[in-house]
Amino acid sequence: MPARLPFRSFLAAVLAAGSAAFLAQAEGRIGLQPASVELELDPGEPMRQVVTIANLDPAHPVSVSLALADWAYDEDGAPVFTPAGESDSSAASWTRYRAPTVSLAPGQSKQVVINLSTPEPLVRTGDYRVALLASSVMKDEAGHWQKHRIASLFSLTAGKARSYPKIMASRLTVTASGDPAIGLDLANTGNAHARLDGVIEIRSGTEIVLAQDLKDVIVPDKGTRNLIVPLDQPLPADPEIEIRLLNRFAPQTKRGEKALPPYKVKTETEVADLAIPVGGQD
């Protein structure tokens with residue numbers, strides 16, 4: 001097995017503690033940090049992860065109920081929740097925490113320790129998932145009771161794992177609002193998810209007219225992902241578009257990451273409504 005860190009923890013959109021850090025995954029008056037956790041586990045060895053729950057309301061207390069759920073990505077990369085233990089990739093049976101309810105004073109935050117006990121032997125190696133759901137019932141400004149729920153998504157990779165992402169197809173398209181975009185169809189034949197960073201580079205002749213970053217694009221294990229990438233500006237006429245991606249979750253490698261071959265976007269799609277001369281606009 002390649003050498004690797006004891007664990008990697010990936011925090012999506014949140015890097016610091018404090019009330020401001022919770023805003024990215026706040027729902028109503030509660031916040032949860034981290035929103036995403038990425039861990040590599042060894043079978044039979046326990047591990048723990050700390051999750052912080054915060055009451056963002058400076059004036060009112062709140063009671064937060066905790067529960068586990070299974071989850072998976074849909075083809076557009078959004079999480080879909082199902083009851084704990086129903087999925088073949090569920091890690092709910094080896095995930096534990098103490099109190100099912102957390103009471104928070106105004107502005108208070110508390111830590112919840114999540115204990116993970118990876119079974120040995122495993123039924124299979126590769127990716128497992130579990131979500132910690134935090135729910136609260138609060139009154140809105142009109143005095144009506146509303147239920148709010150947020151989640152911390154755990155992606156757990158156990159045993160011998162590999163991720164093999166690939167761009168299967170591409171096209172020029174537009175967003176729902178009519179802005180130019182690039183559509184990508186991604187697939188991953190490995191038993192572990194892929195996490196892709198990279199850049200889309202658009203040229204007109206020899207000139208680079210746009211370089212747009214891609215960040216934290218998840219392609220699930222043995223799954224697909226449809227990605228629409230809005231562009232910051234209109235496309236030039238006859239563009240040449242190259243995508244360079246780095247898989248930052250490649251547990252089969254010693255470094256834990258692997259570059260994908262450069263990919264040329266197919267531009268034969270009808271783009272009359274997208275293309276404009278460089279330096280000009282319709």
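Q: What counts as a salt bridge in this predicted model?
A: Side chains of opposite charge can pair when their charged atoms come close. The pair needs a side-chain nitrogen of Lys or Arg and a carboxyl oxygen of Asp or Glu. The cut-off between these two atoms is within 4 Å.

Q: How far apart are the closest N and O atoms of Glu242 and Arg244?
A: Glu242 and Arg244 form a salt bridge. Arg244 is partly exposed, at 33% relative accessibility. The closest N and O atoms of the pair are apart by 2.9 Å.

Q: Which residue meets Arg195 in a salt bridge of 2.8 Å, N to O?
A: The partner lies in strand β3 (residues 36-41), while Arg195 lies in strand β14 (residues 194-204). The two are 157 residues apart, so the pair links distant parts of the chain. The partner is Glu38.

Q: Is Glu38 buried or exposed?
A: Buried means under 20% relative accessible area. Glu38 has 3% relative accessibility. Glu38 therefore counts as buried.

Q: What is the relative accessible area of Asp216?
A: Asp216 forms a salt bridge with Arg195, with the closest N and O atoms 3.7 Å apart. Asp216 is in strand β15 (residues 207-219), 21 residues from Arg195. Arg195 is buried at 10%. Asp216 is partly exposed, with a relative accessible area of 27%.

Q: How many salt bridges does a search of the whole structure find?
A: The pair of Arg195 and Glu38 is a salt bridge, and so is the pair of Glu242 and Arg244. The search of the whole structure finds 13.

Definitions and conventions: Residues are numbered from 1 along each chain as its sequence is written. This is a predicted model: local features need pLDDT of at least 70, side-chain atom pairs count only at pLDDT 80 or more; totals for chains, interfaces and linings use all residues. Side-chain values use heavy atoms; hydrogens and water are left out. Helices (H or I, at least four residues) and strands (E, at least two) are DSSP runs, numbered from the N terminus. Buried means under 20% relative accessible area, exposed over 50%, partly exposed in between (1.4 Å probe, protein chains only).
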